[in-house]
Each structure stands twice: as C-alpha cells, then as structure tokens.
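Work through the following exercises with the structure open beside you, and try each task before reading its solution.

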Amino acid sequence: MLNQFSRTELLLGKEAMERLAASRVAVFGIGGVGGFTVEALVRSGIGTVDLIDDDKVCLTNINRQIYATVKTVGQYKVDVAAERIHEINPKAVVNTYKTFYTPETADQFDFAKYDYIVDAIDTVTGKLALVENAEKAGTPIISCMGAGNKLDATAFEVTDIYKTSMCPLAKVMRHELRRRGIKKLKVVYSKEPPMTPIDDMAISCREHCICPPGTARKCTQRRQVPGSTAFVPSVAGLIIAGEVIKDLVL
C-alpha cells in the first residue's frame, strides 16, 4: 500500500521496512548532528525513537540545527523534535528525556531495550559512558567525533576509532577507550584540521549569552564557543543515519 515510505521500500523491500518499523533507536544529543540523524531515521521508517537532550533551542542554533527556528527558540529541543516527528509519521513512538547524559544520569537508561544507539553529544565523559554501557548491553553504537570549527563537508569518513587521525576529540577518545579495554567503536569523523574561530566578543555567546531562562550550561561557562555552519554537522548526522539504517536491515 502506498505510504510516506514507499520510495524507500522500492530500494530496501517490504521485509526491511517492517524491520525498521519494529526498531527502536536512541539518539543522545539532538543538536546540529543528532537532529539531522533523527530526521533521516524517522523519514526512513524507524518506528520508535528515544531522544535524549536537556537543552532548549537558542537563537544561535538556527544556523545549523533542524529543529531551531525563530518560533521554537526557548522550547525544549526534544519537545520540538517530537512534534515534528509525529507530523512525518503519526504512528511513530517517541520517548523524550530532558536529560544531560553523564555517568551520573546513565542509570535512567536500559541500553538492552535499544536496537541501536547514536552518540551525538559533546562531552568526553558522556561519550565514554555511552560506549561503555552500549558494550555491556551488546547494543550497536555509532559515535560522532568533532564537527565544529570545520568547513569541508566532504571530509567525513566512517571508520573504527583506532583508525582515526587529525581529529582532537578522536585522539582523546582513542586514549580513553584503550584504557578501558574497549577494542572497537564505529565513528564518523573528519580529517579536516579544525579552524580557530574568530575571537570577536561582539558576536560571542561568552560575552552576550542569550540562552533561554533555565539553561543549565550557559555559553558564559565555555572556554571557547565553536564556530559552525549549516552544511557540516548536518552531513555528519545524515551519514550516521545512513549507517544505522544499513546496519539494521542490510
């Protein structure tokens, strides 16, 4: 029967679409990278998505985050995402968590319930906790390395963490995962050397923070606010979604 996923079914087949509809994917972090991952997963027919992010939409998110518009500034990202998902697929099950994922909040999640986990968060401690808990549960995970301060959307690669180079975040992750005995991790990363953002306090969130009321981690607390574009994090997010879909059905 013709539906919103018929064009995808022409490539993957009915059985694959049924498998996607029965799949549950957790996306940790739904900003510039994770937001586009969620969008592509839902448009591909994933039936259940868990969205984990405690942040609210900020005016400075509009340049790169799919859920950020002038109308959604100040709203929780997971709430905006859930509404959009149901406009795409009313039958989708959406579980939202206004949670900043850390080792301290990890107990809120049962990784064994997920068919796949997407790591699109920024902190090393959170990323490490995600990888370790996914490993314990035997659940596949894909992790995004640094996408900020970059301009070349064609430089992304999918590989194992121990085959990465150039990316400062990947270097830290390699070291820490090796210490923890984690032998492999599928990642999306870029070999493009990160740029140094212009240190202009007139346009810096550190000097003129406009985070919505109630924001836990304001820009004024950052050592540096990274620069970003519409086309780099989005590409990373779409690549991640493609890997999840392929791993689930192919």
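**Exercise 1.** Determine the handedness with which α2 passes α7, and describe how the two helices meet.

*Solution.* In this predicted model, α2 passes α7 in a right-handed crossing. As a next step, take the geometry of the pair: the axes of helix α2 (residues 14-21) and helix α7 (residues 232-249) come within 9 Å and cross at roughly 115 degrees. Angles of 65 to 115 degrees count as roughly perpendicular, and α2 and α7 are therefore roughly perpendicular to each other. Sorted by class, the contact of α2 with α7 holds five nonpolar residues, no polar residues and one charged residue.

**Exercise 2.** Characterise the packing of α5 and α6 by angle, axis distance and contact residues.

*Solution.* Begin with the axes: helix α5 (residues 124-137) packs against helix α6 (residues 168-179) at an angle of about 50 degrees, and their axes are 11 Å apart. That angle makes α5 oblique to α6. The crossing in which α5 passes α6 is right-handed. The contact is formed on the α5 side by Val 124, Lys 127, Leu 128 and Val 131, and on the α6 side by Leu 169, Val 172, Met 173, Glu 176 and Leu 177. When these residues are divided by class, seven are nonpolar, none is polar and two are charged.

**Exercise 3.** Decide whether Glu 39 is buried or exposed, and find which residues surround Glu 39.

*Solution.* First locate the residue, which lies in helix α3 (residues 34-43). Buried means under 20% relative accessible area, and Glu 39, at 7% relative accessibility, therefore counts as buried. Once neighbours within four places in sequence are left aside, Glu 39 is in contact with Ile 66, Tyr 67, Arg 84 and Ile 88. Ala 81, which is 42 residues away from Glu 39 in sequence, is 8.6 Å from it in space, C-alpha to C-alpha.

Technical notes: Residues are numbered from 1 along each chain as its sequence is written. This is a predicted model: local features need pLDDT of at least 70, side-chain atom pairs count only at pLDDT 80 or more; totals for chains, interfaces and linings use all residues. Side-chain values use heavy atoms; hydrogens and water are left out. Axes are lines fitted to C-alpha atoms, for helices over the stretch in contact, and angles run from 0 to 180 degrees between N-to-C directions. Helices (H or I, at least four residues) and strands (E, at least two) are DSSP runs, numbered from the N terminus. Angles under 35 degrees count as roughly parallel, over 145 as roughly antiparallel, 65 to 115 as roughly perpendicular and the rest as oblique. A crossing is left-handed if the near helix is turned anticlockwise from the far one by less than a right angle, and right-handed if clockwise. Contact means heavy atoms within 4.5 Å. Ala, Val, Leu, Ile, Met, Phe, Trp, Tyr, Cys and Pro count as nonpolar, Asp, Glu, Lys and Arg as charged, and the others, Gly among them, as polar. Buried means under 20% relative accessible area, exposed over 50%, partly exposed in between (1.4 Å probe, protein chains only).
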